[in-house]
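Dear colleague,

I am passing on the structure below, and my notes on one part of it follow. Please read them with the sequence and the structure open beside you.

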Amino acid sequence: MKKLILFALSLWAYTGMAQNISGYWEGMLRISAKDSLRLGMYVVQNGDSISVELDSPDQYSIGAQGSNVTWADSSISWKLSSVNASYKGTLTKDGLFEGTFRQGNSKLPLSLERGHERTVINRPQTPEPPYPYTEEEIRIKDKSGKFDLINGTLTLPSGASKGLVILLTGSGWQNRDEELFAHKPFLVIADHLTRRGYAVFRYDDFPTAVFAKSTTYDFADGVTMILDSFAKRPDLGSLPTGLLGHSEGSLVAEIVAARDKRIDFVITLGGVAQTISDVLLYQVHAINEASGELTPEENDYAVEASKTIYDIIAKSKSPDAAAKKTNKLYSYQSGTLITSKIEADVFSQNKKAEIMQMVYSPWFYTLFHHQPKKHIKKMRCPMLAVGGEKDLQVDAVTNNALFKAYLPKNPLHRFEVIPNANHLLQTCTTGSPDEYGIIEETLRGDVLEIIQEWLDSAVSQ
């Protein structure tokens, strides 16, 4: 009897391993009664080895590499560390994976089934190997030497390099390609410039646990570590070296250029010279106006209410002081008569939770006290500032004018506002962030040419 049981168990285990789950699986992740997202799992199974790519087609995210993948006893599990997500599901007799998707503190049921066609997102500018240049993986340890703080790709032209360009990503955790809605603008920029003779370094933001505790000044310190590392290399140390920053990356570039004489040029895309409060107030007004969901009066109210809150954060000397004043404001508003939907929204508990998260985020709180003007005035290198006419996140005309006013005089400074371009420098209709994923173009060709032409003039001086 004992032998029979062992035989049965062995047969069951063998049958489980023999199941081939290769292919595409998709299900609907129901976030709330009114909100849901498709989530896809592409499985490649080869003998004992298994890998998983994750898709979120409705968010234009395709092919994110899963980690810690396991497949045993008819159950699959994986993690997606970049968004703090995981899944564990069991294959049922009906051929479905029934399981639980977790992200942060959220836990949602998710069923995945075969038979769906995997979404293909067209991004014609994304370069494909083989490349006519060399790629080199770069890792730089943190100051303690315990882990890799900087992880990136250095591309080197086949001939001698004209200069070295370090790419700096925008707000929120970004990978080295600054990937968003399946667009990879930094890969496009690096490919374009390397083919034309420039060494380009692009890198992932700090590991997520470190990133969560870091500020814009910490990101600037990271750039200094990169400069120190490359200065030791004979092929890079003597090259004209500069920074290309998109959005918040421009703030990082300004800080580094103001204090480090090794920076020979700065390029900003959707660059920031205003305070963060002014940038956010512009965003509130411009995006609301483009959406058409509010009346002009309601939009004005949203801007004024936001200004009151932002002023509290900017003028408070500590996160605790800002939180105390914010609590007081919300308590006062909850005791008054709410007369409109926009008023109810601005002073809702959900909005309060968002504000409190901003207050206690080291990165956000520091940004509210950051003065770009102070650093821009100290820059001694030439700058190219490129913004989109229809950028609804950073007002290109206003910020370019401030760059021009704050920067020490230099004949190589150039300030461009690109017609019909948004914050990502795509050709757009309205400039709304809702268009970013819909637009197939990753980055306008004329912007790439402007960058290259200006660089050629800057490094030849």
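Which strands does helix 4 lie across? Helix 4 (residues 216-231) lies across strand 10, strand 11, strand 12 (163-168), strand 13 (198-203) and strand 14 (241-246), and runs at about 120° to strand 10. Helix 14 (residues 445-459) also packs on the sheet, where it touches strands that include strand 16 (383-388) and strand 17, and its direction makes about 170° with that of strand 15 (265-269).

This is a predicted model, in which local features need pLDDT of at least 70 and side-chain atom pairs count only at pLDDT 80 or more, while totals for chains, interfaces and linings use all residues. Residues are numbered from 1 along each chain as its sequence is written, and side-chain values use heavy atoms, with hydrogens and water left out.

As for the terms, helices (H or I, at least four residues) and strands (E, at least two) are DSSP runs numbered from the N terminus, two strands pair if DSSP finds at least two bridges between them, contact means heavy atoms within 4.5 Å, and angles, from 0 to 180 degrees, are taken between N-to-C directions of axes fitted to C-alpha atoms, for helices over the stretch in contact.

The open sheet has eight strands in the order 10-11-13-12-14-15-16-17, with mixed pairing. Strand 10 (133-141) and strand 17 (414-418) each have a single partner strand, so one side of each is left without a neighbour in the sheet.

Strand 10 pairs with strand 11 (residues 148-157) in the antiparallel sense over nine bridges, and Glu-135 stands opposite Thr-155 in strand 11.

Best wishes
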